[in-house]
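Here is a briefing on a two-chain model. Please look over the sequence and the structure before reading the points below.

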Amino acid sequence: MAMLEVKGLSKSFGELKVLNDISFSVEKGEVVAVIGPSGSGKSTLLRCINQLERAGGGEIDVCGVNMVKSGEKGRAVYADSRTLREIRLKTGLVFQNFNLFPHMTVLRNVTEAPVCVLKKSKADAQARAMELLKKMGLEAKAKSYPCELSGGQQQRVSIARALALDPDILFFDEPTSALDPELTGEILKVIRELAAEGMTMVIVTHEMAFARDVADKVVFMEGGYIVEMGTPQQLFGDSASERVRQFLARFSDQ
Amino acid sequence: MSSEQIQTLAKLMLEFIPPTMKLFGFTLLYSIPLGMVAALLKMCRFKPVSWLTNLYILIMRGTPLLLQIIVVYYSVPILRMSSGCPKWLSSVLTGVDIQSDSYMFRMVLAAFVLNYAAYFAEIFRGGIESIPKGQYEAAGALGFSRMQTFFRIILPQVFKRVIPASSNEIIILVKDTSLAYAVGYMEIMYIAKKQMSFYSSLVPLFLAGIFYFAAAAVLTLIFGYIEKKLDYYK
């Protein structure tokens, strides 16, 4: 069963079509990298899947549960709010600018959702949170506030926060774009580890080397379309698409 | 004035501090929650509600508090005497004892609460709107309900952000309580003015001034302390 199935997804902001007929799927344990120039709709795609934007049309299924499907005239018809909530808990999202809760300690950032949303006991949530923070190398920072951490540390907290809900699939929206190269390495290392553990992930990124090395599947987007999709070898080796070769040429020059 | 006279005067004026503080305290008690409600109504996506709230805020901020106090206070006796007043309303209003102290306090308080809620509404709205969209998105992605998001994620951050503007408003309120003397509410300014005429002296006003100054100073210290306490995050 596919963990994520997107079929014919479209989305417009007014007149501007930002997503056109997007179809792809993610299998369990797969790591999918979404690459492409800025403004190509990568983030919007992620935001539609994570219910931060409403899809215009098409179909999205998460872990076999239908989230949105095409109704009459191709309009998007969403599932009832209970199903949408259920799906939300299956997905985790890591933002470009972390979006940690500044008024809570690192520990509380990680435990708040398990306690309030999953109704876990505080002790259980804290034990799990400490486990995750340890994994992120941040157990010493549990009592700190986000403003006291570096960007890389903040991003690791936000990954721990997303993992605390035990999502079946984890999405990253340019997780390293707000970080300098050194801190970027820190985050990529964490994502690599998650990949090694078999976590299903979709990562929107500008880190080409990372996409090539870690992803099982690479999706290249431009102008709201998927231009090409395939294994890293296919795209980075000798892409059939002129545009993909051109985009990646700049990267291989480095 | 002799020092004995000043002592007697000071003792007398002290008795007027509780009613002043009472007006101050109850105004805060009601106008802060009402202000929060008004802020949320103003941000309501259903436009007529938003417009009505806006109109209320516009009127409250657009006319003097002194005028509002007088209008609210005299509305009952004047309305019930007017010929255009519907029967049911005039019968309700006739039952009100406008001579009582409780009537006086309630009417003055109502005017203050309505006025201050409008100012607080704008402060709170500004605070709520200043919270980055990402906070809502992160909360949503983690499965928080809208209520949980507002009360657990947004409101605590709003609280910190509105402290400076609110403290300003609250310090102004201490001094604004003096406007209640216009309808005869027995607060500090009321007695100061009376004693000024009685002694033909400015000392009563000076003492009143000391009271307001001291109250404002204490509030400044309190808010400074709160701001410092909340300084642990940015």
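Among contacts in chain B between residues at least 6 apart in sequence, 74% link residues at least 24 apart. This is a predicted model.

**Chain B overall**

- Chain B has ten helices and zero strands.
- Its pattern along the sequence reads α-α-α-α-α-α-α-α-α-α.
- Along the principal axes, the C-alpha atoms of chain B fill a box of roughly 70 × 55 × 25 Å.
- Chain B has 234 residues, and 29% of them count as buried.

**Helices H9 and H10 of chain B**

- Helix H9 of chain B spans residues 188-199, and helix H10 of chain B spans residues 203-229.
- The two pack at an angle of about 160°, and their axes are 7 Å apart.
- An angle over 145 degrees counts as roughly antiparallel, so H9(B) and H10(B) are roughly antiparallel to each other.
- Their crossing is right-handed.
- On the H9(B) side, the contact is made by Ile188(B), Met189(B), Ala192(B), Gln195(B), Met196(B) and Tyr199(B).
- On the H10(B) side, the partners are Val203(B), Pro204(B), Leu205(B), Leu207(B), Ala208(B) and Phe211(B).
- By class, this contact has eleven nonpolar residues, one polar residue and no charged residues.

**Ser178 of chain B**

- Ser178(B) lies in the loop between H8 and H9 of chain B.
- Is Ser178(B) buried or exposed? Ser178(B) is buried, because 20 other C-beta atoms lie within 10 Å and 20 or more is the cut-off for a buried residue.
- Beyond its neighbours within four places in sequence, Ser178(B) is in contact with Glu187(B), Ile188(B) and Met189(B).
- Two of these contacts, Ile188(B) and Met189(B), are also among the H9(B) residues that meet H10(B).
- Ser178(B) and Met43(B) are 135 residues apart along the chain, and their C-alpha atoms are separated by 33 Å.

**Where the chains meet**

- In the contact between the chains, 19 residues of chain A touch 17 residues of chain B.
- On the chain A side, helix H2 (81-90) and H3 each supply at least two residues.
- By class, that side has twelve nonpolar, four polar and three charged residues.

**Helix H3 of chain A**

- H3(A) is mostly covered, with eight of its eleven residues buried.
- The buried residues are Val106(A), Leu107(A), Asn109(A), Val110(A), Thr111(A), Glu112(A), Ala113(A) and Pro114(A).
- Which elements cover them? They include helix H4 (122-135) and helix H5 (151-163) of chain A, together with helix H8 (146-176) of chain B.

**Nonpolar cores**

- The largest nonpolar core has 80 residues.
- Ala33(A), Val34(A), Val110(A), Ala160(A), Val202(A) and Ile203(A) touch the most other members.
- Val110(A) is also one of the buried residues of H3(A).
- Not counting residues up to four places away in sequence, Ile203(A) touches Val31(A), Ala33(A), Val34(A), Phe172(A) and Ile191(A).
- A second, separate core has 42 residues, including Leu114(B), Tyr116(B), Tyr119(B) and Ala215(B).
- In soluble globular proteins, nonpolar side chains tend to be buried together.

**Positive phi in chain A**

- Most residues other than glycine have a negative phi.
- Phe98(A) is not a glycine, yet its phi is positive, about 65°.
- Phe98(A) sits in the loop between strand E7 (91-94) and helix H3 (106-116) of chain A.
- Phe98(A) is buried, with 23 other C-beta atoms within 10 Å.
- Glu174(A), a residue other than glycine, also has a positive phi, near 45°.
- Glu174(A) is in the loop between strand E8 (169-173) and helix H6 (181-196) of chain A.
- Glu174(A) is buried, with 21 other C-beta atoms within 10 Å.

**Glu197 of chain A**

- Glu197(A) is found in the loop between H6 and strand E9 (200-204) of chain A.
- Glu197(A) is exposed, because 9 other C-beta atoms lie within 10 Å and 12 or fewer counts as exposed.
- Glu197(A) and Gly29(A) are 168 residues apart in sequence, but 8.5 Å apart in space, C-alpha to C-alpha.

Conventions. Residues are numbered from 1 along each chain as its sequence is written. Chains are lettered from A and ligands numbered from 1 in the order in which they are written. A nonpolar core is a set of buried Ala, Val, Leu, Ile, Met, Phe, Trp, Tyr and Cys residues joined through C-beta atoms within 7 Å. Two residues are in contact if their C-beta atoms, placed from the backbone, lie within 7 Å. Helices (H or I, at least four residues) and strands (E, at least two) are DSSP runs, numbered from the N terminus. Ala, Val, Leu, Ile, Met, Phe, Trp, Tyr, Cys and Pro count as nonpolar, Asp, Glu, Lys and Arg as charged, and the others, Gly among them, as polar. Axes are lines fitted to C-alpha atoms, for helices over the stretch in contact, and angles run from 0 to 180 degrees between N-to-C directions. Angles under 35 degrees count as roughly parallel, over 145 as roughly antiparallel, 65 to 115 as roughly perpendicular and the rest as oblique. A crossing is left-handed if the near helix is turned anticlockwise from the far one by less than a right angle, and right-handed if clockwise.
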